[in-house]
Amino acid sequence: FLPQVDSANAGRVLASDAAVFLKKSGLTDLVLGKIWDLADTDGKGILNKQEFFVALRLVACAQNGLDVSLSSLNLPVPPPRFTDASSPLLLSGTASSDLPWAVKLEDKVKYDAIFDSLNPVNGLLSGDKVKPVLLNSKLPVDILGRVWELSDIDRDGMLDRDEFAVAMFLVYCALEKEPVPMSLPAALVPPSKRKPLSVPGAMPLIPSSTKESHQSLPPVGILAAKTPLTQ
């Protein structure tokens with residue numbers, strides 16, 4: 001990775017160059033900022049080779065649902081993934097469009113039934129309609145916020161049928177005590193959304209509705225009994 005961001009071959013990476021490259025990881029600006037702060041130990045806005053490798057390692061940790069902290073550096077994680085065709089570490093050279101969707105057909109039918117029961121408008125559900133279903137899972141609000149952020153793939157504040165299936169898939173994974181990833185794995189991106197995505201310049205906003213406590217909401221028994229899902 002270093003030659004891609006150290007074009008002058010000076011053995012160091014400037015913050016501006018690193019920012020462009022690290023955004024290809026698909027992580028939010030908030031997470032990337034934390035990674036930079038940990039890697040840039042002397043606060044000079046420049047990473048040497050060792051610090052750059054620390055940043056890459058933290059990206060890999062974040063992509064695999066681990067805490068972004070120096071204590072995670074010793075944990076075994078796969079190499080970081082970047083949305084760049086020239087990257088040598090993309091999934092065994094497989095185009096994401098060829099990957100089978102992680103949401104199985106029988107589960108999709110179940111998620112579609114929940115989707116239709118929420119009265120979508122023009123094939124879309126607003127955050128207010130999705131919120132009770134998410135909260136009904138009794139998962140922590142910060143996890144639900146991440147589920148929303150990952151499933152609203154086109155960042156329009158609404159979920160279509162496929163995006164809703166991604167949200168339900170992530171909820172069931174979390175209920176099975178599997179970590180919710182910091183960025184959406186290629187296999188989870190619905191085939192309908194698989195196209196070259198521009199890197200978002202701003203941190204996606206989580207609807208404020210997901211931050212409310214569920215005490216004020218009537219119980220909504222929509223979420224079906226959890227079924228074990230194999231990824």
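**Stop 1: residues 27–62.** Select residues 27–62 in this predicted model: the chain here is 69% helix and 8% strand.

Stop 2: Move on to residues 139–174, which are 69% helix and 6% strand. The end C-alpha atoms of residues 139–174 lie 8 Å apart.

**Stop 3: helix α3.** Go back and select residues 29–39, which form helix α3. Which residues of α3 are buried? Show the side chains of Val31, Leu32, Ile35, Trp36 and Ala39 to see them. Next, turn the view until you look down the axis of α3: the buried residues fall within an arc of 140°, so they line one face of the helix.

**Stop 4**

**Stop 5: α3 with α4.** Hide everything but α3 and α4. Two packed helices are described by the angle between their axes and the distance between the axes. How do the axes of α3 and α4 cross, and within what distance do they come? They cross at roughly 145° and come within 9 Å, and the crossing is right-handed.

For the side chains at this contact, select Val31, Ile35, Leu38 and Ala39 in α3. Across from them in α4, select Glu51, Val54, Ala55, Leu58, Val59 and Ala62. Sorted by class, the contact between α3 and α4 has nine nonpolar residues, no polar ones and one charged residue.

**Stop 6: two asparagines in a loop.** Finally, find the loop between α5 (105–117) and β3 (125–126), where Asn119 is located. Asn119 is not a glycine, yet it has a positive phi of about 55°. Is its side of the story buried or exposed? Asn119 counts as exposed, at 54% relative accessibility.

Asn122 is in the loop between α5 and β3 as well. Phi of Asn122 is also positive, near 55°, in a residue other than glycine. With 77% relative accessibility, Asn122 counts as exposed.

Key. Residues numbered from 1 in each chain as written. Predicted model: local features only at pLDDT ≥ 70, side-chain atom pairs only at ≥ 80, totals over all residues. Heavy atoms only, no water. Helix = DSSP H or I, 4+ residues; strand = E, 2+ residues; numbered from the N terminus. Buried < 20%, exposed > 50% of the residue type's maximum accessible area, 1.4 Å probe, protein only. Arc of directions from axis to C-beta. Axes fitted to C-alpha atoms, helices over the stretch in contact; angles between N-to-C directions. Left-handed = near helix turned anticlockwise from the far one by under 90°. Contact = heavy atoms within 4.5 Å. Nonpolar A, V, L, I, M, F, W, Y, C, P; charged D, E, K, R; others polar.
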